[in-house]
Amino acid sequence: MKLEQPARAWWKEAAVYQIYPRSFCDSNGDGVGDLPGILQKLDYLQQLGVDVLWLNPVYRSPGVDNGYDISDYRAIDPVFGTMEDFDRLLEEVHRRGMRLVMDLVVNHTSDRHPWFIESRQSRQSPRRDWYIWRDGVNGGPPNNWGANFGGSAWTQDEATGQYYLHLFAPQQPDLNWENPAVRDAVFEMMDFWFQKGIDGFRMDVISLISKGGFADGPLRPDGLYGDPSPQCANGPRVHEYLREMNRRVLSRYDCLTVGENAGNTPELACRYAGFETEELKMAFQFDLMDVDGGERDKWSARRCWKLADIKDVMTRWQTELEGKAWNALFWENHDQPRSVSRFGDAGSEENRVRSAKMLATCLFLMQGTPYIYQGEELGLVNRRFTCLEEIDDVQTRGNCADRLAHGARLADVMETVNYISREHARAPMPWSAAPQGGFTTGAPWIPLHPDYPFLNAEAQQADPDSVYHYYRKLLALRKSSMALLYGHYALQLPNSQQVYAYTRTLNGEQALVLCNFSGETAPCPLLRGRTEHPPALANYAGGPAEEALRPWECAVYLHQTGQSL
Ligand code: GLC
C-alpha cells in the first residue's frame with residue numbers, strides 16, 4: 001500500500017467532458033452543431049462539474065470522416081463558425097475556470113490539404129516526401145494492408161501511377177513523419193494553438209505515426225486484408241517523435257495531453273505517458289473496449305463480455321501504472337456505442353438508470369482521469385437501425401460494404417451495426433422535449449434517438465434521481481476525497497462473477513466501491529456490518545439493505561482504515 005504523498009496535478013484531478021461538436025448544439029438552424037452552440041451550454045457543463053472540455057476536430061475539413069480529414073489546421077470549418085467564435089468560446093471556458101483541449105490529427109491530413117495537393121503533382125514535387133508513396137507490385141498495391149475504413153490501405157494516383165498510403169479512408173493520406181519538415185510543420189501548428197491559449201491536445205491515432213516497414217501483414221479476422229498494425233502501431237521511432245514534440249512544444253505549456261494509442265499495453269503506457277518519460281500525460285487503452293472484441297474484432301466477432309475480463313483488464317492497468325503513469329478512464333467516446341446498451345441494461349427504464357449510474361461509479365472512481373462522452377451523463381442508449389442507408393459513418397459503411405461483398409447476410413451485418421457502430425454515439429444531443437430535442441431548429445444532420453421526448457437533459461435536470469444528478473454527485477465525491485483521487489487500488493471479491501468490488505486507500509482514508517454488473521441480486525459479503533451506515537453514494541435510495549446488491553446496484557463507502565473492511 002502506497003502511503004507517500006502523491007504528486008498532485010490539475011489534469012489528474014480533472015474530469016474531462018468530450019464534445020462532438022457536430023452533434024452537441026446547433027445555434028443557427030443548419031442542422032449541424034457549432035461553436036456558438038457549445039457556448040450556450042457552458043452553464044450546463046459547469047453545473048455538471050466537469051473541468052476540461054475536449055472538442056473533436058473543428059478545423060477546416062471536407063468532412064469525409066467528420067473532421068478527421070483536415071484541409072487547414074489553422075482555420076475553423078465554416079460549419080462550426082469562425083475563429084472569432086472559437087476565441088470567444090475559449091475565453092468563456094476560461095472565465096468559468098474550465099479548460100479546453102483540442103483534437104490533434106496528424107497521422108494524416110485530408111487529400112484536399114495543400115500539402116497533399118502539391119505532393120501528388122509529380123514525383124519531383126518538393127512535398128512528395130511529405131506523404132508515403134510506393135510503386136505497385138505485380139500490377140496491384142505495394143502490400144496487402146487493409147484500411148481501417150474498408151478496402152486497401154493504398155490508392156493509386158493517376159498523376160504518377162504510384163500508390164499512397166492511407167490507414168483510414170482514401171481521402172486521409174498518411175503523413176511521412178520520417179521527414180523532419182513534416183515534424184516542423186506539425187510542431188509549429190501546435191504552437192499556434194497553444195499561443196491562442198488552449199490547454200492541451202487529445203492526439204488522434206498517435207501510436208501510428210512511425211511506420212516500421214511495408215511487408216505484408218497477417219490476415220485480419222475478416223480474412224480480406226492484411227493487418228498493418230504489426231508495422232504501424234507503436235513503430236520504431238514513435239517515442240523519439242513524441243519526445244521531440246515534448247521538448248519543442250509540450251514542455252513549454254502547462255497542458256493536458258492524451259494519446260489515442262491503438263495497441264496500447266500497460267508497459268507501453270508507462271513509456272508513452274510515464275511520469276518520467278517526457279512524452280504525453282496519458283494514453284488511452286483499448287483493452288477494456290476489447291472485452292467483447294469491440295476493438296480488435298469490431299466487424300466480425302460474436303459479442304459477449306464477462307465481468308472477469310473487465311476485472312482483469314482494469315486491475316492490470318490500475319496496478320501496473322501505479323506510481324509510473326496515469327490512467328485515462330472511459331466507457332464511451334465518439335467511436336464507441338453507448339455503454340448502457342453494451343455493458344448495462346437498456347431494456348427497461350429502471351435498469352437503464354441504475355446501470356448507467358453503476359457503470360460511472362465503477363470506472364470513474366478508479367485511479368485516473370475520467371473522460372465522459374456527451375450524453376453519457378444522461379445514460380443515453382443505442383438506437384435500432386434497419387438498413388445501411390440510415391448510417392452516415394464512413395467506418396461503418398466501409399466495413400459493412402466489405403462484409404456484404406464477401407457474402408455476409410444483411411441481417412448479420414445489421415446486428416453488428418446495432419451493437420457496435422459509432423453512429424450510436426453521434427446522434428445529436430437531446431436537450432429537451434422540444435422538436436428535434438432542442439438540438440436544432442432545422443433538420444438535424446443525422447436523426448436524434450427517437451426517445452428524446454422523455455430521455456433528455458431538461459427532464460433529467462428537473463429530476464433529482466436522474467443519471468445527470470448522480471454524475472454531479474459522483475464527480476463532486478471524487479474530488480472531495482484524496483483516497484478516490486490518488487489512493488492505491490485493490491481488487492476485492494476477485495471470484496465474484498456479478499460484483500466488481502475494490503478499495504482505494506491513502507493515508508488512513510479508504511473508499512470501498514461495490515458494483516453489481518448483473519440484473520440479478522448478488523451476494524456481497526463486504527456489506528456485513530455496513531448496512532446501517534449510509535453510503536457516501538448509492539444508486540438505490542438509502543443504499544444496500546442486506547448483504548447483497550440488488551440488480552445493477554452500486555454503493556460507495558468512505559471510512560478510516562482503522563475501521564475494519
Ligand atoms: C481516430 C478517431 C476516429 C477517426 C480516426 C481517423 O480513431 O477517434 O474518429 O475516424 O482516428 O482519424
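L104 stands opposite M203 in strand 9. The model is predicted.

Q: What makes strand 5 and strand 9 a pair?
A: Two strands pair if DSSP finds at least two bridges between them. Three bridges join strand 5 (residues 99-104) to strand 9 (residues 200-203), so they count as paired. The two strands run parallel.

Q: Which sheet has parallel pairing, and in what order do its strands come?
A: Eight strands make up an open sheet with parallel pairing, in the order 11-10-9-5-2-1-13-12.

Q: Why are strand 11 and strand 12 called edge strands?
A: Strand 11 (282-284) and strand 12 (328-329) each pair on one side only.

Q: Why is N261 called buried?
A: Buried means under 20% relative accessible area. N261 has 0%, so it is buried. N261 belongs to the loop between strand 10 (256-260) and helix 9 (266-272).

Q: What does N261 touch, not counting residues up to four places away in sequence?
A: Its contacts are I206, S207, Y272, A283, F284 and F286.

Q: Which residues meet where helix 4 packs with helix 6, and how do they divide by class?
A: From helix 4 come M83, F86, D87 and L90, and from helix 6 come F192, W193 and K196. By class, this contact has five nonpolar, no polar and two charged residues.

Q: How do you know that strand 16 pairs with strand 20?
A: Seven bridges join strand 16 (residues 509-516) to strand 20 (residues 554-560). Pairing needs at least two, so these strands pair. They run antiparallel, and C515 has C554 in strand 20 as its bridge partner.

Q: What span is expected for helix 17, and what span does it reach?
A: Helix 17 (residues 467-480) has 14 residues, for which 20 Å is expected at 1.5 Å a residue. From first C-alpha to last it reaches 20 Å. Buried residues in helix 17 include V467, Y468, H469 and L474.

Q: Why does A427 count as buried?
A: The relative accessibility of A427 is 13%, which is under 20%, so A427 counts as buried. A427 lies in the loop between helix 15 (423-426) and helix 16 (457-461). Among the residues it touches are S23 and H449.

Q: Why is S71 called buried?
A: S71 has a relative accessible area of 12%; the limit is under 20%, so S71 is buried. Its loop runs between strand 3 (59-60) and strand 4 (72-76). S71 is in contact with residues including R60, S110 and H113.

Notes
Residues are numbered from 1 along each chain as its sequence is written. This is a predicted model: local features need pLDDT of at least 70, side-chain atom pairs count only at pLDDT 80 or more; totals for chains, interfaces and linings use all residues. Side-chain values use heavy atoms; hydrogens and water are left out. Contact means heavy atoms within 4.5 Å. Helices (H or I, at least four residues) and strands (E, at least two) are DSSP runs, numbered from the N terminus. Ala, Val, Leu, Ile, Met, Phe, Trp, Tyr, Cys and Pro count as nonpolar, Asp, Glu, Lys and Arg as charged, and the others, Gly among them, as polar. The expected span of a helix is 1.5 Å times one less than its number of residues. Buried means under 20% relative accessible area, exposed over 50%, partly exposed in between (1.4 Å probe, protein chains only).
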